[in-house]
Amino acid sequence: MLETRIITSQYVQIDQTLSGIGERIFARMLDYLIIYLYSLGMFYAIYSFNLESLFGNDYRLLWLFILYIPAIFYSFLWEILNRGRSPGKMVFGMRVVMRDGTTPTIGAYLMRWMLLLIDTWGWIGIIVILLNKNNQRLGDLAAGTIVIKERDYHRIQVSLDEFNHLSRGYKPAYPQAENLSLEQVNTINEALMRYDSHRSRRIFALSGRVKEFLKITPPVDDETFLRTLTRDYQYYALEEI
């Protein structure tokens with residue numbers, strides 16, 4: 001199963017599980033079945049109840065277009081209104097997101113829809129998916145999107161919400177935090193997240209090593225110092241993006 005990686009607001013590397021080509025094909029087939037049933041139902045209603053005569057010759061094509069809008073713009077409308085999920089994707093637990101895990105823009109959804117015809121012509125979409133590491137079809141490559149498993153989406157959104165909150169008016173307390181590595185910050189976060197009988201001793205020892213490494217003498221307790229330090233690291237890393 002293929003995976004791709006993003007960096008969350010806590011600068012923890014999260015491996016997103018990419019949706020497989022088989023799942024995407026079956027999801028698309030289910031969506032096409034829904035489109036077919038809708039189109040068949042509209043055709044039956046129009047000609048069984050003689051609705052065509054109500055349109056008038058001058059506006060017949062216009063009304064037919066309006067009635068078939070849900071079929072024509074099926075993928076585009078579902079992904080916008082349901083945050084990247086068509087019924088087929090919902091059944092198979094998939095969702096469209098941007099490469100950084102954020103919700104796609106309307107323009108990104110539109111680009112995916114516009115290139116869908118090319119992707120579904122012959123084997124083009126399948127070949128493109130097989131040839132790139134992120135399982136992206138042409139529409140995904142053009143829009144900068146990927147299709148991931150739904151269970152990963154919720155973890156990513158929690159991290160991104162924290163990321164956006166941090167970026168609003170935050171002032172770092174320790175400029176030395178910029179000298180930390182991602183691995184060091186992850187170690188600090190893991191220590192802070194573990195609640196056991198050795199927690200206080202572990203935080204004291206880790207705080208001492210960090211103070212020595214960064215040459216800092218903070219006026220606060222060890223846990224407050226470490227938490228502030230990780231937020232400061234996030235702030236400086238955000239500035240580089």
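Two strands are taken to pair if DSSP finds at least two bridges between them. In the predicted model described here, five bridges join strand 3 to strand 4, and the two strands run antiparallel. Within this pairing, V97 has I146 of strand 4 as its bridge partner.

The chain as a whole contains 14 helices and four strands. Of its 241 residues, 41% are buried. Among contacts with a separation of 6 or more, 66% are between residues 24 or more positions apart.

Strand 3 spans residues 94-98, and five of its five residues are buried, so the strand is largely enclosed by the rest of the structure. In a regular strand the side chains alternate between the two faces of the sheet. In strand 3 both of these faces are covered, with M94, V96 and M98 buried on one side and R95 and V97 buried on the other.

Strand 4 covers residues 145-149 and includes T145. With a relative accessible area of 0%, T145 falls under the 20% limit and is therefore buried. Leaving aside neighbours within four places in sequence, T145 is in contact with V96, V97 and M98, and also with P104, A108, R112, Q136, G139 and D140. One of these contacts, that with R112, includes a polar contact between the two side chains at 3.3 Å.

R112 also takes part in a network of salt bridges that links R24, E79, K89, R112 and D140. Side chains of opposite charge can pair when their charged atoms come close. A search of the whole structure finds eleven salt bridges. One of them joins K89 to E79, with the closest N and O atoms 3.4 Å apart. K89 lies in helix 6 (residues 87-91) and E79 in helix 5 (residues 74-81), so this pair ties together parts that are ten residues apart in sequence. Both ends of the pair count as buried because their relative accessibilities, 6% for K89 and 2% for E79, are under 20%.

E79 also meets R112 in a salt bridge, with an N to O distance of 2.7 Å. Since R112 belongs to helix 7 (residues 106-114) and E79 to helix 5, the pair ties together parts that are 33 residues apart in sequence. R112 is buried, as is E79. A further salt bridge is formed between D140 and R112, where the closest N and O atoms are 2.7 Å apart. D140 lies in helix 10 (residues 138-143) and R112 in helix 7, so this pair ties together parts that are 28 residues apart in sequence. D140 is buried, and R112 is likewise buried.

Helix 13 consists of 16 residues, which at 1.5 Å a residue should span 22 Å; the end C-alpha atoms are 22 Å apart, so the two values agree. The buried residues of helix 13 are R199, R202, I203, L206, S207, V210 and L214. These residues cover an arc of only 125° around the axis, which means that they lie on the same side of helix 13. An α-helix has 3.6 residues a turn, so residues three or four places apart point the same way. The face of helix 13 turned away from the buried side carries the exposed residues R201, F204, R209 and E212.

Helix 13 is followed by K215, which has a positive phi near 55°. Most residues other than glycine have a negative phi. K215 is found in the loop between helix 13 (199-214) and helix 14 (222-239). With a relative accessible area of 72%, K215 is over the 50% limit and therefore exposed. R83 is another residue that has a positive phi although it is not a glycine, the value being about 50°. R83 is found in the loop between helix 5 and helix 6, the helices that contain E79 and K89 respectively. The relative accessible area of R83 is 44%, which lies between the 20% and 50% limits, so R83 is partly exposed.

Definitions and conventions: Residues are numbered from 1 along each chain as its sequence is written. This is a predicted model: local features need pLDDT of at least 70, side-chain atom pairs count only at pLDDT 80 or more; totals for chains, interfaces and linings use all residues. Side-chain values use heavy atoms; hydrogens and water are left out. Buried means under 20% relative accessible area, exposed over 50%, partly exposed in between (1.4 Å probe, protein chains only). A polar contact is a pair of N or O atoms within 3.5 Å; within protein, one must be able to donate a hydrogen and the other to accept it, and residues adjacent in sequence count only if both atoms are side-chain atoms. Contact means heavy atoms within 4.5 Å. A salt bridge is a side-chain nitrogen of Lys or Arg within 4 Å of a carboxyl oxygen of Asp or Glu. The expected span of a helix is 1.5 Å times one less than its number of residues. The arc is that of the directions from the helix axis to the C-beta atoms.
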